[in-house]
Amino acid sequence: MSDILNRVVKVTVEQLSVKPEEVTESSSFIDDLGADSLDVVELVMAFEEEFGVEIPDDDVANLKTVGDAVQYIGARSGAPA
Amino acid sequence: MPEGYKPSGRVVVTGIGAITPLGSGIDKFWPRLIAGEGAVDRITHLDPTPFTTQIAAEVRDFNAEDWLEKKDARKVDRFIAFAVGAATMALQDSGLQPTEDQKEEIGVLMGSGIGGLTFLGEQHRRQIESGPGRVSPFLVPFMIPDMASGYVSIVHGLKGPNTCVVTACSTGANSIGDAYHIIKRGDAVAMVAGGTEAPINEIGMAGFCAARAMSTRNDDPARASRPFDAERDGFVIAEGAASVILEDLDFAQARGAKIYGEIVGYGMSGDAFHMTQPDPNGDGAYRSMRMALRTAGLTPSDIQYINAHGTSTAYNDRLETLAIKRAFGEEAARQVLVSSTKSAIGHTLGAAGAIEAVICLLAMQHQMAPPTINYEVPDPDCDLDYVPNQARPVVIQHALSNSFGFGGHNVSLILRRWTES
């Protein structure tokens, strides 16, 4: 598991109060992990802080799953996903 | 409501939930209240060192995860968690398990004087330190006082009238009174009503310290809340919530509910004098008690117990005493027992009127007037029977509860003991 994936899972577990084993790359934040639209805004803010990146609102709509977030952050931060 | 619904016009209390500094749940706090115990102590929720007042009555046995999903429990402002805890406790106590259709006829009115001040303070700090982009999307929903009613309705699926009263320290009493009216006029068969407050945070303490309204007896917290005592020096801030289940009498009896008591009188008035000081003749309080008596169809000698607003401030206790004498007349005022349970619980602001209505119901159920503790030095201006320091067994058929709030809001509720007949 990549470093980015580990950290995305850690932040997701903290923010959404879910169990680590529930979170896989294909997990949808809303459909599988119980997030609502406000939870997603807060989750994205937590990703921004964890990785030191800015995620514009227009891009948030594309971050539906854990895997989407890992890829997006990998591309933005220049680190290997 | 179904076409042609006719309310009985009588409203009874069938469930009680309370989260107080003396304990959460009536079986926890009532015995301690009657034993004359107090809950005021040095503040632990934050570092009190910078504040002129360093004492409060904190709720220390409450765990939000007992009442909410883990994710929500961790996030919501404390005043919302308190509201859900108290409302759920009251619903469980009432045994009310509405059908899906009945849920549309059951509403929620859980007021808060201030709302989510803790969350607001934290997010304001984030904005200053990290910029507006770091402010939580939950700031607005967790800050607005009406979210107590909203959240309780979501948790329990209650779809009847859903609203909120914000009248500072009379919020809890106004919420129960307004919910009583909603049922009485036939807009709901039952209401979850009460008040909630969680003001013990940095910005809350700073504001109340600046207002110079709180006791500074930091070296002796246990004796700081001393209503009607000559050496009182201000109120002691506290937190908590209480909720009652109000039902139309016919609806309650049809389902065989146990009944604690009946709401029979509701008086309200405005001082129209000053933002924070009471009217110098106790005029607003006098008129609110008179309205409560009139709406109940009672005379002063029908009331055996008054749960006073009794904040332990110089102004309130003197002027409330004056107002009781004016509303009751000298003779009935000397007969009636008057106690301030804020001596033990502190002042829970928007929750106080609800907690004190609950105390009136329990006082009638147990036929026991709770004491005003820390009553040591008589004040010539406060010369009624305040049930000093020891609870007193007494026949209580009707109890009156006073609540007065910044803004000059005055509320008096009258409750009747329930006897099967």
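**Figure 1. Buried area between domain 1 and domain 2 of chain B.** In this predicted model, domain 1 and domain 2 of chain B bury about 4,500 Å² between them. Carbon and sulfur atoms give 70% of that area. On the domain 1 side, B:W30, B:C169 and B:F228 lose the most area to domain 2 of chain B. Together these three residues account for 19% of what that side buries. Domain 1 spans 11-254 and domain 2 spans 266-416 of chain B. Their C-alpha centres lie 21 Å apart. In contact across the boundary are 61 residues of domain 1 and 57 residues of domain 2 of chain B.

Figure 2. Domain 1 and domain 2 of chain B share 4 salt bridges. One pair joined in a salt bridge is B:R226 and B:E376, whose side chains meet at 2.6 Å, N to O.

Figure 3. The largest share comes from α8(B), with 9 residues. By class, this side of domain 1 of chain B divides into 34 nonpolar, 17 polar and 10 charged residues.

**Figure 4. The interface of chain A and chain B.** Here 13 residues of chain A are in contact with 12 residues of chain B. The area buried between the two chains is about 1,100 Å². Carbon and sulfur atoms give 47% of it.

**Figure 5. Salt bridges and polar contacts between chain A and chain B.** The count between the chains is 6 salt bridges. In one salt bridge, the side chains of B:R126 and A:E49 meet at 2.9 Å, N to O. The interface of chain A and chain B also has 11 residue pairs in polar contact, both residues at pLDDT 80 or more.

**Figure 6. Helices on the chain A side.** Both α1 (3-16) and α2 (37-51) of chain A supply at least two residues of the side that touches chain B. The largest share, 7 residues, comes from α2(A). This side of chain A has 4 nonpolar, 3 polar and 6 charged residues.

Definitions and conventions. Residues numbered from 1 in each chain as written. Chains lettered and ligands numbered in written order. Heavy atoms only, no water. Contact = heavy atoms within 4.5 Å. Buried area = accessible area lost by both parts, 1.4 Å probe. Polar contact = N/O pair within 3.5 Å; in protein donor to acceptor, adjacent residues only side chain to side chain. Helix = DSSP H or I, 4+ residues; strand = E, 2+ residues; numbered from the N terminus. Nonpolar A, V, L, I, M, F, W, Y, C, P; charged D, E, K, R; others polar. Domains from an automatic or database assignment.
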